[in-house]
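Morning, everyone. Let me put the chain up, and then I'll walk through it piece by piece.

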Amino acid sequence: MIRNETLQSALECVVNRQLGKAVNLLENYLYTFVQPQATEQLEELKTDYQLMAEYWQRGFEDPERERLYDKLLHRMYVLVSNEYIRYYIKNSSFAKSVYDRTRAARKDWSPNAIRQDMESFVTDAAMLELEPEHTRQQRQREVYEKHQKMMADLFDYIWTSRLWNSRVTEAFEDMLLSPTIDLRDQQLLVSAITVSLINFFDISKFRLLMHVYQKAPDEHVRQRALIGWVMGIDTAAARLYPEVGEMVKAATTDSRCIDELAELQMQTIYCLRAESDTQIIQSEIMPELIKNNNIRVTRNGIEEAEDDPMEDVLHPEIAEQRMEKLEESMRRMVDMQKQGSDIYFGGFSQMKRFPFFGTVGNWFLPFFLQHPAVDGAMSQTRGKKFLLTMLKHGPFCDSDKYSFVLAFQTTVSKLPESMLAMMDRGEATLVGSEINVDEVNSPAFIRRSYLQSVYRFFRVFHARNQFCNPFDVEERSRLFFFANPLFQDTPLEKKFHEVAAFFMKHKVYEAAKATLQNYREEIRDEQFYLLNGNLLMRTHWQQNAGLTASESLAHCLELNPENERAWTGYARTLFGEQNYEKALHYYRKLEERHADNRNYQLNEAVCLTNMKRNEDALKILFKLNYESPEDINTNRVLAWTLVGAKRYEQAKTIYESLLDTEKPAADDLMNAAYMHWFCGDRTAAINLFRKYSHMEGIAFDATTEFLTNEKAMLNEHGISEVEIRLMIDQLL
């Protein structure tokens, strides 16, 4: 997205209510980039502002002063934004070509003219039924070609338009809610307004999408409007327009809206994971699918590999094993798809090079078979049944359906006869393609499908860098809208913990952190404190929402002293803070309830060891070692506890076993070195310290280690300062 520092600063001044500074910035900008109409509008605004300031300076009291100042700010915002749009179009070769083409293609883009054309299309399409059969197909193509060209131009006209006034907004809202306009046209208009709104915030377009979401009878139109106003929220501009917050608060009084916002927030995460999921499919699943089927891809198309007649004789089990692996790979992909993963992104993103996708509006166009770009596929005799089944029941977004048909038209002639025969019989299918009609028509599926089309545009379109991309890292505030302060003190707050937990499950920790920060202090409950504590433990961040991990979990236990998950987390944080006695208390509580849990017993022993209660710890460790002699974690703790109890010979036996591997653990090397030093085998200690210091990722400073970190322990085991100095010298 093309930026201009002066205009960006002017916008920031406006939203921060610094009108005088914004006027000066825009005035300086217009000296360089002369625009007579904008200059005239700025002079009028400046005169009104100076008149207000003059009255104020003379001591006149005006009860309307605050309202008038807000009106001046709104006028200034529109003026700066329109100049920004003008600058953007002028300096983007792609946007300028679109702008010039659409204005040259049609002179009258008034709402009345647009509506007349769209209503005429509905009439013309209905009249096709009266056409003679021998001319109907040709007439249908003419009608749809003309209309799709107009709609593509209209889409481009809207996203390159300036901010709308109330008259234009009301006219488009009427069109989007009118039963006389084709539903596909309404959906496409919503998408065009969304792209425009994301690029440059416009309170009129935001209000329009909010109204359409609340009033539209068609679910496809509603869900597009929902995604539009959510992605279009500009938190900074909302400070200038308090009605944004008012509309959001009013919308969230509807329980359906609350549920849909929560679902949408979760669905955006699956979009963001599309590329990583694609890597899993390409590197782990597809190789298995290809290896275990009898199809091969050649330069002449797809061929069926011949079976080896001797394989059944020599290796009868191989065919069965191959089938099992094939089924497992397919099951894995189906499971990913059922969980919400966008499993088709990787494949279909490679099919967006058709000329069809050179038009912006086509990425958002609802799929229909009469579209001139794909209607030819229906005239083909081979594979038609398969194609119709995939389009009707397949879990593809509209963008991918166009890709699918366009690719099918070019490849059907290269498919092997056996595969074409399966398609004709309706036996061929794709992984994860069995979606029932009820699911396809559900709001969640409609929303997910459209969201995938939006994601493909912003990730794959050749000129995507010319748009403000909500999926880019710097724009993530648009996607992680549950962290937006506008949703504070709204009924949506009751979904905060569910969404924050979802973020954590999928390791989107920054979003979880921001969502938890959005909790008002007065509504922080047991769930909040537990989630916040667990987040900080997982990320090792010092604090979030003004609390450390241990403080969060302590608050959780104040609200519910019997919360076992809080016991576990609190014990871990206390241990990390070296509060071993208190950590021991909670590990013992956990052990009382789960006597068979070895981890709780081991953690109890570690606490005792750090409290220098080695003999008490050994009672637990000897028992655990007897029950599981090969448990490395138990042996590791037991060995170090024996060192603490000065039972060096017993510890030596265990360390010999722990170090008898190709790559011993770094901690085992270090602890074994200390053990040898304590029992007088200094040469072995020196060798182990050296081996430890040369391990990858280890930064070992003997002076700091021995004279600062572990000096007290060395003194306990009878190591004098002179010995420490001698050891340091040996390790230099």
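**A walk through the chain**

Start with Thr194: setting aside neighbours within four places in sequence, it is in contact with Leu209, Arg224 and Gly228. Contact here means heavy atoms within 4.5 Å. Thr194 sits in helix H9, residues 183–199. Helices are DSSP runs of H or I with at least four residues, strands are runs of E with at least two, and both are numbered from the N terminus. Thr194 has a relative accessible area of 5%, so it is buried. The cut-offs: buried is under 20% relative accessible area, exposed is over 50%, and partly exposed is in between, with a 1.4 Å probe and protein chains only.

A word on the source. This is a predicted model, where local features need pLDDT of at least 70, side-chain atom pairs count only at pLDDT 80 or more, and totals for chains, interfaces and linings use all residues. Residues are numbered from 1 along each chain as its sequence is written, and side-chain values use heavy atoms, with hydrogens and water left out.

Now the overall picture. The chain holds 39 helices and two strands. It has 732 residues, and 49% of them are buried. Take contacts between residues at least 6 apart in sequence: 67% of those join residues at least 24 apart.

Next, the core. A nonpolar core is a set of buried Ala, Val, Leu, Ile, Met, Phe, Trp, Tyr and Cys residues joined through side-chain atoms within 4.5 Å. The largest one has 220 residues, and Phe206, Trp229 and Phe706 have the most contacts inside it. Helix H4, residues 65–91, provides the largest share of this core, with twelve residues. What does Trp229 contact, leaving aside neighbours within four places in sequence? The list is Phe206, Leu209, Met210, Tyr213, Val248, Leu261 and Phe487.

On to helix H6, residues 111–127. Its 17 residues should span 24 Å at 1.5 Å a residue, and the end C-alpha atoms are 24 Å apart, which agrees. The expected span is 1.5 Å times one less than the number of residues. Buried in H6 are Pro111, Ala113, Ile114, Met118 and Phe121. Their cover includes H7, helix H8 (166–177) and H9.

Asp153 counts as buried, because its relative accessibility is 6%. Beyond residues up to four places away in sequence, Asp153 touches Arg101, Thr102, Ala105 and Trp109.

Now H35, residues 666–678. Here 13 residues should span 18 Å, and the end C-alpha atoms are 19 Å apart, which agrees. Is H35 largely enclosed or largely open? Twelve of its 13 residues are buried, so the rest of the structure largely encloses it. Among the buried ones are Asp668, Asn671, His676 and Trp677. The packing partners of those buried residues include helix H33 (632–644), helix H34 (648–659) and helix H36 (682–693). Just after H35, Gly680 takes a positive phi of about 95°.

Of its 31 lining residues, Val606, Thr609, Asn610, Trp640 and Asn671 are the closest to its centre. On a 1 Å grid over the protein atoms alone, a pocket is an open set of points with protein on both sides within 12 Å along at least five of seven lines, and lining residues have an atom within 4 Å of a point. Which helix gives the most to the lining? H33 does, with seven residues. The lining divides into 13 nonpolar, twelve polar and six charged residues. Nonpolar covers Ala, Val, Leu, Ile, Met, Phe, Trp, Tyr, Cys and Pro; charged covers Asp, Glu, Lys and Arg; the others, Gly among them, are polar.

Last, the loops. Arg17 is not a glycine, yet it has a positive phi of about 65°. Arg17 lies in the loop between helix H1 (5–15) and helix H2 (19–32). With a relative accessible area of 32%, Arg17 is partly exposed. Ala545, also not a glycine, has a positive phi of about 55°. Its loop lies between helix H27 (526–539) and helix H28 (549–559).

How values were computed. 1 Å grid on protein atoms, 1.4 Å probe; cavity = no way out; pocket = protein on both sides within 12 Å on 5 of 7 lines; lining within 4 Å.
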